[in-house]
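Please keep the sequence and the model at hand while reading.

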Amino acid sequence: MGCQQNQIEISLIIPTFNSAKSILPTLESASRFLKDHQFEIIVVDDGSSDNTVSLLQGHACRIFLNKHSGVSHARNVGLDHARGKYVMFCDADDLLVGQLPAISPSDIISYSQHCHNPGTYRGIESKRQMLASLFGFNQTSKDFPAYYGGPVSKLFRRDFLNKYELRFDEQLSNSEDVLFNTQAIIAAKSITTVKQGIYLYQGHVESATHRFSSKLLDNHLLFINKMDGELQLIPKCHQLIQQILSLYLYQLVFRYLALIPNYRSEYRRWQRGVIKFRTAKWNTDLQRWVERTTIKLINHFDIQAAVQFARLYLLIKHLKPHSVNDQLL
């Protein structure tokens with residue numbers, strides 16, 4: 001939508017990388033979603049080798065071209081060029097659903113159909129609830145805010161992000177969005193939650209979330225230490241740290257340890273890396289049964305039992321006809 005810089009209400013940032021098969025439906029959904037607002041769409045291409053960029057020509061969006069540097073860098077480029085009062089993010093293979101309603105002023109506005117208690121949150125206790133929600137903890141709580149760990153389904157006031165110099169950590173290749181949200185939650189004076197699903201995550205199996213990564217252990221150790229530095233600002237987060245450690249250990253088992261021969265030595269490296277955080281047993285208060293089972297096997301037997309369980313689970317999952325359901329956040 002063409003408009004003067006001081007009139008732009010929303011800057012939507014879409015990072016792309018070889019997104020030719022999906023980018024046009026994403027752009028169309030974004031234009032419908034934002035049609036009642038003054039907006040700009042910023043597409044940051046992260047060095048695509050397909051025809052993503054040529055497909056963008058003629059569409060009402062600002063295009064920035066980068067050499068391949070990762071999604072965090074692409075999002076940061078978008079933030080540096082955004083002109084709207086609020087910024088929001090959308091991945092190039094997902095869709096925005098419905099229409100964005102009127103905006104109630106707040107540092108962050110989070111949208112989810114799973115929010116149990118919509119309203120405006122302030123104070124330390126609310127921040128603890130938001131931080132736990134990033135990882136899906138406490139979903140049965142009557143106060144569950146459903147603040148999704150990714151950067152999507154939210155509006156961030158741009159002046160707020162700039163004031164606190166909030167950007168995505170380009171050292172991390174996994175969970176950089178969780179760290180960004182953690183920093184934003186801690187800095188925010190007010191966070192408004194809205195009970196409305198606006199984002200259709202299309203759950204592609206080639207997503208980095210589902211892939212084997214030889215760098216996952218190093219990434220998780222770096223992430224845990226960065227998270228610890230942030231959570232020091234919020235009292236009474238010891239239980240949360242224990243849950244995060246166990247959740248990320250589960251990820252390691254399924255996406256790394258179960259897929260390599262030297263898993264014992266790599267598990268010992270994880271133990272050494274998080275020794276200052278952990279108690280005698282890993283925390284089993286996790287959301288999904290497969291997460292809890294994996295951690296219980298480590299606690300009651302050893303890493304070999306968890307790895308064998310993960311290998312069997314992955315084998316059965318591979319043999320079944322695979323489908324990834326779309327998820328409305």
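A residue is called buried under 20% relative accessible area and exposed over 50%, with partly exposed in between. By that rule tyrosine 313, at 24% relative accessibility, is partly exposed. The model discussed here is predicted.

Aromatic rings are the theme. A pair of aromatic rings is described by the distance of the centres and the angle of the planes. Searching the whole structure gives 15 aromatic pairs. In one of them, the ring centres of phenylalanine 156 and phenylalanine 180 are 5.3 Å apart; the planes stand at 75 degrees, and because planes over 60 degrees apart count as edge-to-face, this pair does too. Phenylalanine 156 is buried, its relative accessible area being 0%, and phenylalanine 180 is buried with a value of 0%.

Another edge-to-face pair joins tryptophan 289 and tyrosine 313, with 6.1 Å from centre to centre and 65 degrees between the planes. Tryptophan 289 is in helix 10 (residues 289–300) and tyrosine 313 in helix 11 (residues 303–319), so parts 24 residues apart in sequence are tied together. Tryptophan 289 has 49% relative accessibility and is therefore partly exposed. Both rings belong to one aromatic cluster, made up of Tyr250, Phe254, Trp289, Phe309 and Tyr313.

Charged side chains also meet rings. Arginine 75 places its charged end over the ring of phenylalanine 168, 5.3 Å from the centre. Lysine 154 lies over the face of tyrosine 147, 4.8 Å from the ring centre.

Technical notes
Residues numbered from 1 in each chain as written. Predicted model: local features only at pLDDT ≥ 70, side-chain atom pairs only at ≥ 80, totals over all residues. Heavy atoms only, no water. Phe/Tyr/Trp six-rings, centres within 6.5 Å; stacked < 30°, edge-to-face > 60°. Buried < 20%, exposed > 50% of the residue type's maximum accessible area, 1.4 Å probe, protein only. Helix = DSSP H or I, 4+ residues; strand = E, 2+ residues; numbered from the N terminus. Lys NZ or Arg CZ within 6 Å of the ring centre and 35° of its normal.
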